[in-house]
Amino acid sequence: MSGALARAAGGGKMADESPFRRNIRLFLSSRLSTVSAAVVLGFVVLAVAAPLFAPQDPNETDLLRRLQPPVWMAGGEWGYLLGCDALGRDILSRIIYGARISIFIGIFVVLMATCIGIVAGLAAGYLRGWTDVVISRLVDILLGFPYLIFAIALIAMMGPGLQNLLLALVYKEWVVPCRLVRGETLAAREVEYVEAARALGASRRHIMLREILPNILSPVIVVSTIRVAHVIILEASLSFLGLGVQPPTASWGSMVADGRSYMLESWWVSTFPGLAILLLVLAINVASQGLRDAFDPKFHD
Amino acid sequence: MRKRLISLMAAAAISVPVAVQAGELRIGYTTDALTLDPHNHRNRTTQTIIRNMYDGLVTRDSNMKVVPQLAEYLKVIDKTTYEVKLQAGATFHDGSPITAEDVKYTFERLTKDGAIGGKTSPRKSLVGPVKRVDVIDARTARIILETPWPQFPAFLTLHEIVSKKFTEAQGADGLSTKVMGSGPFKLVEWRKGDLIIMERYDGYYGGSPALPPQAKACSERVIFKIIPENASRVAALLAGDVDLINDLPAHAISQVKNNPNTDVVTVNGTRSYFIAMNSETGPFADKRVRQAVSHAIDRQLIIDRIMNGNGTLIDGILSPDAFGKNKNLPRLAYDPAKAKSLMAVAGYPNGIEVVLDVKSELKEIAEAIGSLLTKAGIRTQVQVGEVSQLRKKWRTKGKPKTGDLWITSWGNGTLDPVGIFVPTHRTDDRGNSAGYANAEFDALLDAAGIEPDTAKRAALYQKAEAMATNDAPYAYLWVTKDLYGVSRRLTGFRPSSDGRINLHDACVK
Amino acid sequence: MSFGKLIERLAQLIPVLLGVSVIVFFMMALTPGDPVEIMIGDSNVTLEQEARLRSDLGLDRPPVERFFVFLKNAVSGDFGLSFYHRRPVSEVIAERLPATIELSLVALLLALFTSVPLGVLAAVWKNTFLDRLATVGSLFGVSLPGFWFGILLLMLFSVRLHILPVSGRIGYEFEVAPITHLLLIDTLLQGRFDAFANALKHIIMPAVVLGLPMAAILTRVTRTSMLEVLSQDYIIFAEAKGLSRRRILVRHALKNALIPTVTVAALQTGSLLGGNMIVETVFGWPGLGRLVVESIFLRNYPLVQAAVLLYAVTYVTLNFLADILYTVLNPRVRL
């Protein structure tokens, strides 16, 4: 993604550029979108190269530093910029490592869900009949469950841990792209070139994957980026309820949860990880809105 | 519609808001009662609330001694027969006297299968082998046991007497929301999940003769306000919204003490904390590895820093206040180098990978311990689980277990070794999560269990505790203090080791 | 929508609700952990007593049989006994439900009353400061993690400034006779304005936290649809005819522009009901969400089943209403 962005930004040809390139150029022409994309990218770099950026070992406890305040307050230290949590761990380092969990879960869940959703949505929308009835009913049923309750119940069933957390989110998340793809497919299947391909005797697989899919991908990508933000908040909420990744792995949601009991006298323990969630999710939301504005033909002049 | 509205207005005119009264006592409490039926729950916090509206035949004084409450006396007739005589002026909240028939009815409700609307009381197993209750006269009853059971009076403190007439009139579910007790307070209103409001019962007989003053309650109104969030509960106390909070987090102590209007009250708890080590299979089958765990943990540091000093280190399972405590146990002191060398001798020079199970309440302490263990080469992954998952993993009664380490606790309200030593250490007993099995040790416990001579009995337990500490099936940690935040205007509140909140004499001046 | 079509839509709800029941039932049945074991904890209980407790709760029968018993009883509105409260589940839920409904309604109203004017004005004054403010505001609204934002509000308004209460629905000193069980309405019906103000103080923070994401979404929906309507031929035509701008906005544009807003609001209300356990936890709000989460951990199967079914019914009904609203409001869809 970042490579594509760079290339698109470098290429300045306006006349005969591909629609994709033009969309990217449109996206980058908005200052707000560019800044937010840079923030998201910054978080990704931070997460990937966490050991390079984190000033301390995120899991190193030191009870003598318990609840040490941030550097600008009395008792703060430069090595522990944002202060320490109840076990004397460096909050900044834990936020940096926590970015790994948030970003990984956000991207992985949405990627998996989108793949499943595309397959199911294409099948339902193109094949119609019983396939559609079964898939659509399943989607309706899953939509009937509140997201958090569904995830909590699933984690209670499967036990805690990263893998089960991912599964619990994917099981429900795929419904979103599936509904979208199904709707788009229903519309696309009546379009001329699809009918032409069918008349020429193209296989169903060919039509679905080669004719329809490329033409409905744009909205799917736009929705997926928004969903990444959504999933990050969901993961944080589950961690907040104590159902996220297991300790000592730093996760923003559980950092907020662990710190809330100290809020009265040590406000920094929960405030900074919460700010991190806000910043990343906000950046993703702004960027994806920019993407939508750029990719949605309705917004082109 | 309009007519209805007018009549509503009229009704509203009568029900003016109750002004904040003097003599009102507000408690910020962690959890709501599940039910108000004293016989239809299995929940300590529920009982704490209920007990202020219902009295029992006996109760405990502040030294945890069993003393009569509704009873004038509880007499042992023979090994299986106890006689109770009810106090003369004791009445239910409707003014009707409490009779031996109510005692009989209470025990039937507690022990008969299907007695509560076709369901059996979940408290049945806390009553003991009660066979029947004979009514001698209006105020005297005899409780007959199937088999001798010396702990009967201690367990009798857990049960409250209900009114036969009221309960039968209300039907099976009636007591779950309505109260006809004999305690110092009557129920006014229960707003589920939010508040329980009680008011003084002016006809109160005065309660236990062993707990003066024998008078009606000091406060006119008592309000339990449910505030589950720690920070909110502390904030409510600091702001003067409540006069008493339970479960004060240790880190808030200085804040509560520094506030001119609030203070901290503590009481020695009776709950021992320890780490169970799976002695059946894996590395912890080796005693040296188990000892290494104790050497790797700086218990005093955790007590000082995380618990703000509100704990007492233990070297065996018994609390320092317990009967038969061995005061000369060897200490497996903090010594990471020794821990590493023990590991090396046991054949793990490069350390081991283990999982430390914990319930969410102890997560912070588990993480602190996990990181200390990791430093000593016992690379620990903390895993927060729910009770049910942990029970599957750490099966007792001789069934195989699958865990490595489990930080847990066991309460011992009676402070008698029987309540904690036998379940956690006797071979295949119900709380023996470590899988400790030592025939010689079992024999000592069994001998102590039937030894009538107090001094000899204590000596047997001391010997047993030394043996257990040497075998190190558990890493013994500490006994905690229970912390309460109180308003400085609150008088007459004495916290109790069993976690009950007795509000009879408590009042805000 | 014709009557036949209506019936058909209604009939489609049945397999959905059935599917939800099946999933939630077997999810709970497959969840490891035994409610009886959790209930008795560490205490000494004989095997016979344990078996008795289990049969009291109906847990001694195989899951499939239990499922059909559950279904049969559920149809007649009987969801069994809550294991821990030992009272009918329907009763326990009914006690907690008004608090949740009240909170959701207030959040919904807050969201509607902020988002509609903001969205409309942002569209009318496109690319002005207000438009940008609405955009940024709505982006913040969907990005704020509710549990964190709630804690911050609590610390600020309740603890530091001490102008709002820490938790609960209404001060204990107010006893309000229940009519609708919604305190804000009951207090007004009885003319108890002090009690009303007190209840309002209690609900305001949780309602803001709960309603914020919805307000953000609705602002964007309103703005987009308003923009779309304003670019329609009939509006341009009206403008050309020389009608006043204000008249055009109120008489023609607004009515059509609000169709998507109302539809989305109806759909989102379902997620308000299901998404408030976090808010309820943070603010000690005595509602259903907190109870359901506790019940999952305690393996209180009957309560979880009934509550999830309730959520599903609500969702499905709101969805259905949204469809009808959409057809009724939008003349173009009526065909």
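**Close-up views of a predicted model**

**View 1. Four strands of chain B form an open sheet.** The strand order is β4-β5-β7-β6 (chain B), and the pairing is antiparallel. The edges are taken by β4 (71–78) and β6 (130–137) of chain B; each has a single partner strand, so one side of each is left without a neighbour in the sheet. From one strand to the next, the twist averages 20 degrees.

**View 2. Strand β5 of chain B is bridged to strand β7 of chain B.** Strand β5 (residues 81–86) of chain B and strand β7 (residues 140–145) of chain B run antiparallel and are joined by five bridges. B:Tyr82 has B:Ile143 in β7(B) as its bridge partner.

**View 3. Chain B touches chain C.** Chain B contributes 50 residues to the contact, and chain C contributes 47 residues. On the side of chain B that touches chain C, at least two residues each come from α1 (2–14), β8 (185–191), β9 (195–200), β10 (221–226), α6 (230–238) and α12 (387–393) of chain B. This side of chain B has 22 nonpolar, twelve polar and 16 charged residues.

**View 4. Chain A has helices and zero strands.** The helices of chain A number 13. The C-alpha atoms of chain A fill a box of roughly 75 × 50 × 25 Å along the principal axes. Chain A has 301 residues, of which 51% count as buried. Among the contacts in chain A with a separation of 6 or more, 68% are between residues 24 or more positions apart.

**View 5. Helices α11 and α13 of chain A pack against each other.** Two packed helices are described by the angle between their axes and the distance between the axes. For helix α11 (residues 204–240) and helix α13 (residues 268–295) of chain A, the angle is about 170 degrees and the axes are 9 Å apart. Angles over 145 degrees count as roughly antiparallel, and α11(A) and α13(A) are therefore roughly antiparallel to each other. The contact of α11(A) with α13(A) has 14 nonpolar, four polar and one charged residues. Residues of α11(A) in this contact include A:Val222, A:Ile226, A:Ala229 and A:Ile233. From α13(A), the residues include A:Ile277, A:Leu280, A:Ile284, A:Leu291 and A:Arg292.

Technical notes: Residues numbered from 1 in each chain as written. Chains lettered and ligands numbered in written order. Predicted model: local features only at pLDDT ≥ 70, side-chain atom pairs only at ≥ 80, totals over all residues. Contact = placed C-beta atoms within 7 Å. Nonpolar A, V, L, I, M, F, W, Y, C, P; charged D, E, K, R; others polar. Buried ≥ 20, exposed ≤ 12 C-beta atoms within 10 Å, placed from the backbone. Axes fitted to C-alpha atoms, helices over the stretch in contact; angles between N-to-C directions. Parallel < 35°, antiparallel > 145°, perpendicular 65-115°, else oblique. Pairing = 2+ DSSP bridges.
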